[in-house]
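Me: I am new to this structure and would like to know what the labels attached to it rest on. Please go through them one at a time.

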Amino acid sequence: MNPILLDVDTGIDDALAIAYAVRSPELDVIGITTCFGNVSVDHATRNTLHVLQQLGATGIPVAMGEAAPLFHPSMKTYPTQFHGENGLGNLTFPYPAGKPVSTPAAAFMVDQIRRYPKQVTVICVGPLTNLAAAILQAPEIVSLVRQIIVMGGAVGVAGNRRMHAEANIYSDPEAAQLVFQSGAPITLVGLDVTLQTKLRLEDIQRWRELDTDLTRFLADMTSYYIEGYRQAYRDRASCALHDPLAVAVAIDHSLVKVQPMVLQVDLEGIHSYGRTIVDLRPRCTDQPNVNVCVGVDAKRFEEHFMQTLMI
C-alpha cells in the first residue's frame, strides 16, 4: 500500500477526503496534520478527530499544525457559507475522545518522511503552511518524499477566493511559493479540474438510504455544503469534490492528465496577490517545477469515490 500523509484544514470537503483516503484499500494513512484555513486550527483538529472517530480509525495519529500564515497575519476570513461556523455544516457533536499527538505538524511530517524515505506521498488539501514549515526545518525532505499532491491553484480558470486566486493558495501565498520552488516532485490538482467534478443530491440520497452512522454524517454535512453552492452559484444542485480528487490522484494517477509547467505564485500584485501563474513564453529557459492537472476523467472518479464510501 501507498503510505500517505494527509494535510487538512478540515471543513466538509476535507472530511470527505479523509473518509475517502481511510476507506481506500490502496492507501495507508500514516498520519494527518491540521492547519488553519476553512476554520481555525483548533476546529480543524477537533473536526479531524471526529471524522476519524466516525470512521472507526482512531489509531491514525493527528498532529496539530500552524494557526496562521508563516510570514504575516491572516487576511482570509473563514468560508462559513460553505462549511458552517464549525467547519462541518454546523452539526453538533461532543468533543471526540481522541487527542492530537504532542509533536507539531511540521516536525511530524519531517519524522514520517525520514522514516519512510522515497515512499511517502504528502497530500495537501489546505494552505501549504505546514509543509512549508517542514521544508524550512529540514530541507532534505524534498528529495526524500515520494511525491506531493496539492489541491490548490487556478491556472486557466477564475479563482474561488479572489478573482484570480484559489482559496488554499490565497490563505498563505508565501508558503505556497516556497513549496513550489523547493524542487520537490509536485502535482497540482487545481480548480481547472476539481470544478469538473460533482457530488449531486442523488448521491446524498444514496447515503441516506444506506442509513449507517457514517453515511448519515456524510449526508448531513454535505447537504449544508451543497446548499452553500446553491446560494453562491444559483440553482446548482451539486458541489465540487475538490479535496477528494487530490486523494484520487494518489490512488490512480490515470484519472487526470497532467502537463509539466513553470509555475509560481504572485506575491506582489495588488489585484492578483495569491494567483498561480504559469510561464507560457515559448523561449522560457526555466525547468518545469510542477505537474499541473489539465484534464480529469470526472465520471470514473465520481463513481470510484461513491463506491468507496458506500462500503
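**Pocket and salt bridges**

Reply: The largest pocket has a volume of about 410 Å³. The model is predicted.

Me: Which residues lie nearest the centre of the largest pocket?

Reply: P79, F82, H83, N160 and A167 do, out of 23 lining residues. A residue is counted as lining because it has an atom within 4 Å of a point of the pocket.

Me: Which helices supply at least two residues of that lining?

Reply: They are α1 (12-23), α3 (80-83), α7 (167-171), α11 (213-233) and α12 (242-251). The largest share comes from α11, with four residues.

Me: How many lining residues are nonpolar, polar and charged?

Reply: Ten are nonpolar, six polar and seven charged.

Me: What makes the pair R114 and E140 a salt bridge?

Reply: The closest N and O atoms of R114 and E140 are 2.5 Å apart. The cut-off is 4 Å between a side-chain nitrogen of Lys or Arg and a carboxyl oxygen of Asp or Glu, so the pair qualifies. It links distant parts of the chain, with R114 in helix α4 (residues 105-115) and E140 in the loop between α5 (129-137) and α6 (141-144), 26 residues apart.

Me: Why is R114 called partly exposed?

Reply: Its relative accessibility is 45%. Buried means under 20% and exposed means over 50%, so R114 falls in between. E140, with a relative accessible area of 33%, is partly exposed as well.

Me: How do you know that R208 and D220 form a salt bridge?

Reply: Their side chains meet at 2.8 Å, N to O, and this is within 4 Å, so the pair counts. Here too, distant parts of the chain are linked: R208 is in helix α10 (residues 201-210) and D220 in helix α11, twelve residues apart.

Me: Are R208 and D220 buried, partly exposed or exposed, and why?

Reply: R208 has 34% relative accessibility, and D220 has a relative accessible area of 34%.

Me: What makes D297 and R300 a salt bridge?

Reply: The closest N and O atoms of D297 and R300 are 3.1 Å apart, so this pair also meets the 4 Å limit. D297 is partly exposed at 33% relative accessibility, and R300 is partly exposed at 33%.

Note on methods: Residues numbered from 1 in each chain as written. Predicted model: local features only at pLDDT ≥ 70, side-chain atom pairs only at ≥ 80, totals over all residues. Heavy atoms only, no water. 1 Å grid on protein atoms, 1.4 Å probe; cavity = no way out; pocket = protein on both sides within 12 Å on 5 of 7 lines; lining within 4 Å. Points joined across faces, edges and corners; volume = space filled by probe spheres on them. Nonpolar A, V, L, I, M, F, W, Y, C, P; charged D, E, K, R; others polar. Buried < 20%, exposed > 50% of the residue type's maximum accessible area, 1.4 Å probe, protein only.
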